[in-house]
Amino acid sequence: MTTPPASQGSYGTHHGPYDDDGDQPLVRPYAMTGGRTRPRYQLAIEALVSTSVEPVQLQGLLPEHQRICQLCMAEVKSVAEVSALLAMPLGVARILVADLAEAGLVAIHQPGHEGEPGGQPDVTLLERVLSGLRKL
Amino acid sequence: MVAGGFGVGKTTFVGAVSEINPLRTEAVMTSASAGIDDLTHTGGKTTTTVAMDFGRITLDQDLILYLFGTPGQDRFWFMWDDLVRGAIGAVVLVDTRRLADCFPAVDYFENSGLPFVIALNGFDGHQPYSPEEVREALQIGPDAPIITTDARHRSDAKSALITLVEHALMARLG
Ligand SMILES: Nc1nc2c(ncn2[C@@H]2O[C@H](COP(=O)(O)OP(=O)(O)O)[C@@H](O)[C@H]2O)c(=O)[nH]1
Ligand SMILES: [Mg+2]
């Protein structure tokens with residue numbers, strides 16, 4: 001996993017894009033994902049998404065695919081951040097990110113439980129997290 | 001994961017240590033499901049949304065810790081099941097004026113086997129009970145650490161996280 005230079009640019013809003021009353025359109029995102037409501041493989045909510053595509057490679061992609069690539073270009077983002085920052089339900093973000101991964105346009109990193117969602121974080125990861133927290 | 005009853009300080013805790021203002025993601029659940037009583041009907045399908053606040057701490061150049069506040073409604077267990085996968089552990093916040101509010105979270109983590117710590121959030125500026133009194137009252141086993149905290153303070157939230165990761169590490173090595 002490599003982290004591109006930090007950029008705070010995409011965190012402009014104080015709260016997430018949703019209102020508490022949850023009145024965002026539900027139909028369109030699912031239509032956009034071709035009626036699929038389940039990704040072909042289940043991405044962890046904390047899975048990291050990065051991309052090194054050139055802007056020219058984005059031409060012809062769905063606008064939502066383009067926005068995900070643009071978001072993850074500046075800085076690596078989790079699936080949760082893709083969902084929150086692009087105002088799409090978590091399930092939709094999972095499907096769209098999985099599409100991009102399948103097309104080779106983004107890389108997915110799920111550290112500590114090597115490609116096995118559901119695995120517990122390993123001891124090495126826990127030790128790194130602990131020493132990172134102590135240094136904060 | 002940061003869990004506990006409604007208004008116990010979960011979002012406050014996440015915001016205190018996160019490097020970004022807490023973000024909100026929503027999950028949509030489709031189809032009728034037992035236990036969900038707040039349903040909207042859309043085009044013949046039954047959907048309900050559940051919101052989660054989360055924050056982010058960059059610990060190292062290639063290491064990012066995400067903090068997820070559990071959905072306020074304890075009945076959205078499907079979302080907890082999703083969060084618990086790959087999680088290091090949980091901080092269960094407890095408002096000492098409303099001890100029983102944390103029961104669903106404690107039961108959930110005991111059953112799932114996820115390491116957790118109990119953090120007593122003293123709202124009135126003091127802690128009316130000692131950790132051992134709370135352990136007794138809540139029937140918490142001897143392993144789970146019980147600490148006091150003020151969810152508004154970064155240093156308190158940070159040390160709660162350190163206690164949790166130490167505990168998770170002990171659980172893995174023990
Ligand atoms: N006095 C005091 N107030 C707190 C503390 N933690 C949270 N609060 C307040 O309690 C309210 C509910 O907190 P919030 O984080 O939204 O609770 P949540 O529902 O668990 O996310 C907010 O107004 C906070 O400012 C604390 O440690 N002490
Ligand atoms: Mg909250």
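In what order do the elements of chain B run from the N terminus on? I read them off as β-α-β-β-β-β-α-β-α-β-α-β-α. Here helices (H or I, at least four residues) and strands (E, at least two) are DSSP runs, numbered from the N terminus.

Ground rules I noted: this is a predicted model, where local features need pLDDT of at least 70, side-chain atom pairs count only at pLDDT 80 or more, and totals for chains, interfaces and linings use all residues. Residues are numbered from 1 along each chain as written, chains are lettered from A and ligands numbered from 1 in written order, and side-chain values use heavy atoms, without hydrogens and water.

Next I checked burial. Of the 174 residues of chain B, 55% count as buried (under 20% relative accessible area, 1.4 Å probe, protein chains only). In helix H1 of chain B, residues 10–17, I found B:Lys10, B:Phe13, B:Val14, B:Ala16 and B:Val17 buried. They sit on the same side of H1(B), because they cover an arc of only 160° around the axis (taken from the directions from the axis to the C-beta atoms).

Then I went to ligand 1. H1(B) gives the largest share of the shell around it, 3 residues. For polar contacts (pairs of N or O atoms within 3.5 Å), I noted a side-chain atom of B:Thr11 at 2.9 Å from a ligand 1 oxygen. A polar backbone atom of B:Val8 is 3.2 Å from an oxygen atom of ligand 1. B:Arg152 has a polar side-chain atom 3.3 Å from a nitrogen atom of ligand 1.

How values were computed. Buried < 20%, exposed > 50% of the residue type's maximum accessible area, 1.4 Å probe, protein only. Polar contact = N/O pair within 3.5 Å; in protein donor to acceptor, adjacent residues only side chain to side chain.
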